[in-house]
Amino acid sequence: MKLIYSEASPYARKARAAAIETGLADSIETEAINPWEDPAGYRDLNPVGKVPALIRDDGPPLYQSNIVCEYFDAHGTTKIYPDPGPPRWTAMRQLAAADGILDASVHERMEMMFHEGDAASQTFIDRQELSVDQALDQLEAEAGDLDGPVTIGQVAGACALGYRDFRFADNDWRDGRPNLTAWFAEFSKRPSIENTRPDA
Ligand SMILES: N[C@@H](CCC(=O)N[C@@H](CS)C(=O)NCC(=O)O)C(=O)O
């Protein structure tokens with residue numbers, strides 16, 4: 001199988017990190033693209049033109065990072081999606097917060113890059129920042145839940161925090177969030193996070 005990604009995409013990073021955590025990295029080819037250039041044929045793999053996408057051997061391509069991660073979980077040697085029960089819902093809650101941070105951060109960046117007219121909408125940007133702050137506060141308040149066996153919630157959380165460092169370094173999410181700061185410092189030592197850093 002082959003994972004199509006871009007170096008800078010935090011969603012693709014989540015999939016790349018999940019491939020490592022599930023023990024599949026050595027059996028996956030990778031190809032870096034720039035989705036914004038709409039490479040020829042790419043929309044045949046992913047009609048919405050985003051990364052990541054997974055070309056697999058047992059069916060048509062999969063796209064959307066969480067679906068790619070679930071596919072890896074189903075085929076890997078190490079599970080990162082707990083079975084239904086409290087640990088799963090904890091991981092899913094962390095995943096929702098992390099994806100919320102990513103979605104709001106990416107929307108904010110797009111507003112700054114692609115707006116037409118004189119200025120980006122400050123109202124829209126403030127709304128995205130509010131979502132980021134509140135989701136970060138949730139992760140900080142529940143940082144104790146980030147300990148324990150590796151789950152998709154932790155992987156996604158690390159990718160979201162890493163994206164804030166990568167694109168929003170002047171607004172340090174660590175301020176007032178000591179528990180999340182300590183957790184991220186430790187979790188970032190994992191090869192799945194260290195080896196997928198966008199600036200690595
Ligand atoms: N919800 C999607 C989001 C993927 C996404 O937005 N990827 C961005 C890169 S960070 C992209 O490919 N953008 C190109 C575009 O929007 O056309 C996922 O989880 O895979």
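The model is predicted; local features need pLDDT of at least 70, side-chain atom pairs count only at pLDDT 80 or more, and totals for chains, interfaces and linings use all residues. Residues are numbered from 1 along each chain as its sequence is written, and side-chain values use heavy atoms, with hydrogens and water left out.

**Ligand site**

- The ligand takes up the space of the largest pocket. A pocket is an open set of points on a 1 Å grid over the protein atoms alone, where a 1.4 Å probe fits, with protein on both sides within 12 Å along at least five of seven lines. A molecule sits in it if more than half of its atoms lie within 2 Å of its grid points.
- S65 places a side-chain N or O atom 2.6 Å from a ligand oxygen.
- V51 uses a backbone N or O atom, 2.9 Å from an oxygen of the ligand.
- Q64 has a polar side-chain atom 3.5 Å from a ligand nitrogen.
- On its own the ligand has 520 Å² of accessible area, and the protein covers 82% of that. Areas come from the Shrake-Rupley method with a 1.4 Å probe.

**Helix 3**

- Helix 3 spans residues 65–75. Helices are DSSP runs of H or I with at least four residues, strands are E runs of at least two, and both are numbered from the N terminus.
- At its start, a side-chain oxygen of Q64 comes within 2.9 Å of the backbone nitrogen of N66.
- S65, N66, V68, C69, Y71, F72 and D73 are buried, that is, under 20% relative accessible area (1.4 Å probe, protein chains only).
- These buried residues pack against strand 1 (2–5), helix 1 (10–21), strand 3 (53–55), strand 4 (62–63), helix 4 (86–114) and helix 6 (152–167).
- N66 counts as buried because its relative accessible area is 17%. Beyond neighbours within four places in sequence, N66 is in contact (heavy atoms within 4.5 Å) with K14, Y81, L95 and D99.

**I80**

- I80 lies in the loop between helix 3 and helix 4.
- I80 is buried because its relative accessibility is 1%.
- Residues up to four places away aside, I80 touches A18, E21, T22, D73, V150, T151 and I152.
- I80 and A169 stand 89 residues apart in sequence and 29 Å apart in space, C-alpha to C-alpha.

How values were computed: Buried < 20%, exposed > 50% of the residue type's maximum accessible area, 1.4 Å probe, protein only. Polar contact = N/O pair within 3.5 Å; in protein donor to acceptor, adjacent residues only side chain to side chain. 1 Å grid on protein atoms, 1.4 Å probe; cavity = no way out; pocket = protein on both sides within 12 Å on 5 of 7 lines; lining within 4 Å.
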